[in-house]
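Trainee: Please walk me through a structure. I would like to learn how to read its features one by one.

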Amino acid sequence: MEVERVQAVASSILSKGAIPAEYIRPQQEQPSVTTYRGLVPKIPSVDLADADHEGLVRAVADASREWGLFQVVNHGIPAEVIAELQRVGKEFFELPTEEKEKYARPPGAQSLEGYGTRLQKNLDGKKSWVDHLFHKIWPPSSIDYRFWPANPPAYREANEEYAKHIQKVADKLFGCLSLGLGLEEDAMKKAVGGDDLQYNLKINYYPPCPRPDLALGVLPHTDLSALTLLVPNEVPGLQVLKDGKWIDAEYIPNALIVHIGDQVEILSNGEYRSVLHRTTVNKEKARMSWPVFLEPPMEWVVGPLPQLLANQEGKDHASGEPPKYKTKKFKDYMYCKLNKLPQ
Ligand SMILES: O=C(O)CCC(=O)C(=O)O
């Protein structure tokens, strides 16, 4: 069976310290060639419990303008809830492949939900060093438990608990992003679907790789979400492109990593930046990450917020500009992005 063959190849290359050609990125993408090693400004870190609310809004807005990515500390999600989310996810990925394959994304399915691997599949002629599991965690009406592992048995409770907490963090961040643009606090959340906002969890599992200098985990991309809130494990690997340089994100225990996604860039008419990022892999240790992609419902229409545009419906916003993006349904944006078509 293909899965066993791939596992046999993987263990033989691990023992030899070699890597099959299909995993070797072109030289202009290889982490050893392209990672920036000079002095760089640090990825901003934001204290979400800061009593100075104006200061907090400024910190979130500045980081979103300049980086499109920041770390959040004191976010209020108990460390045990995060640890349990990680424990059950790790246990799932340590199961035999046949067990994980029970949750495989059905071939040809429209939804991205399910277990999948890029270790076996070609993307643009090259393979990536990562496996993943995708499923919705909120709202309850959107959840399809067929894609939630029954093993380990605590998986469901751990994910449900995390889903409750992550919403409070998301609401606070959307509030800061709105205020940072001079809008009403609820403007951004309303514009991405309000209470119908979808929370899609992905677990990435990057096995140890004999040649981390030549391979990549997730290839460079921006997220099509509105926001992405990510829990990493302790093995670093996330890199962001800042001023043309690939920069490592440091690991801060218990911090969440926040990515501005394409939908917030569009709503803000380009004030906030959706950030290009990728992941490297590690020679000895498995890296894992748990991004939650916050996405509008498929039929939801997203475009630059009229309040920010010049001369829209009689409004003349001081710094308003013409719209820089098309207004379209989220499902149409997603279709173009996944099929690499112009937006
Ligand atoms: O693993 C990470 O830190 C980033 C993952 C990511 O960018 C993705 O899954 O889209």
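Mentor: We will go from model confidence to strands, a helix, the ligand shell and some backbone details.

Mentor: Two ground rules. Residues are numbered from 1 along each chain as its sequence is written. This is a predicted model, where local features need pLDDT of at least 70, side-chain atom pairs count only at pLDDT 80 or more, and totals for chains, interfaces and linings use all residues.

Trainee: What is the mean pLDDT of the protein chain?

Mentor: pLDDT is the predictor's confidence in each residue, from 0 to 100. The mean for the protein chain is 89, and 89% of its residues reach 70 or more. Residues 1–6 fall below 50, and this stretch has five contacts in the model beyond near neighbours in sequence. A contact means two C-beta atoms, placed from the backbone, within 7 Å. Where pLDDT is low, the predicted coordinates should not be read in detail.

Trainee: How many helices and strands does the protein chain have?

Mentor: Helices (H or I, at least four residues) and strands (E, at least two) are DSSP runs, numbered from the N terminus. The protein chain has nine helices and 13 strands. Take contacts in the chain between residues at least 6 apart in sequence: 75% of them join residues at least 24 apart.

Trainee: How much of the protein chain is buried?

Mentor: A residue is buried if 20 or more other C-beta atoms lie within 10 Å of its own, exposed if 12 or fewer, and partly exposed in between; C-beta atoms are placed from the backbone. Buried residues make up 40% of the 343 residues here.

Trainee: Why is strand S9 largely enclosed by the rest of the structure?

Mentor: Start with the general idea. In a regular strand the side chains alternate between the two faces of the sheet. Now the case. S9 spans residues 256–260, and five of its five residues are buried, so the strand is largely enclosed. Leu256, Val258 and Ile260 are buried on one side, with Ile257 and His259 buried on the other.

Trainee: Which strands pair with S9?

Mentor: Two strands pair if DSSP finds at least two bridges between them. Strand S2 (residues 69–73) runs antiparallel to S9, with four bridges. S6 also pairs with S9 in the antiparallel sense, over four bridges.

Trainee: Is Gln71 buried or exposed?

Mentor: Gln71 lies in strand S2. It counts as buried because it has 21 C-beta neighbours inside 10 Å. Leaving out residues up to four places away in sequence, Gln71 touches Ile43, Ser45, Ile252, Ala255 and Ile257. Ser45 is 26 residues away along the chain, yet the two C-alpha atoms are separated by 4.6 Å.

Trainee: How do I read helix H3?

Mentor: Check length, then faces. The expected span of a helix is 1.5 Å times one less than its number of residues. H3 (residues 53–66) has 14 residues and reaches 20 Å from first C-alpha to last, close to the expected 20 Å. An α-helix has 3.6 residues a turn, so residues three or four places apart point the same way. The buried residues of H3 are Leu56, Ala59, Val60, Ala61, Ala63 and Ser64. Their cover includes strand S1 (45–47), S2, helix H6 (155–179) and S9.

Trainee: Which residues are around the ligand?

Mentor: A residue is near a molecule if its C-beta atom, placed from the backbone, lies within 6 Å of it. Around the ligand are Lys202, Asn204, Val218, Leu230, Pro232, Leu238, His277, Thr279, Ser289 and Pro291. Strands S5 (198–206), S6 (227–232), S10 (277–279) and S11 (287–295) each supply at least two residues of this shell. The shell divides into five nonpolar, four polar and one charged. Here Ala, Val, Leu, Ile, Met, Phe, Trp, Tyr, Cys and Pro count as nonpolar, Asp, Glu, Lys and Arg as charged, and the others, Gly among them, as polar.

Trainee: Which peptide bonds are cis, and where is phi positive?

Mentor: Most residues other than glycine have a negative phi, and most peptide bonds are trans. The bond from Trp138 to Pro139 is cis, with omega near -5°. The bond from Asn151 to Pro152 is cis too, with omega near 5°. Pro139 is in the loop between strand S4 (131–138) and H6, and Pro152 is in the loop between S4 and H6. Phi is positive at Asp243, near 50°, and at Asn269, near 55°. Asp243 counts as exposed because it has 9 C-beta neighbours inside 10 Å. Asn269 is buried, with 23 other C-beta atoms within 10 Å.
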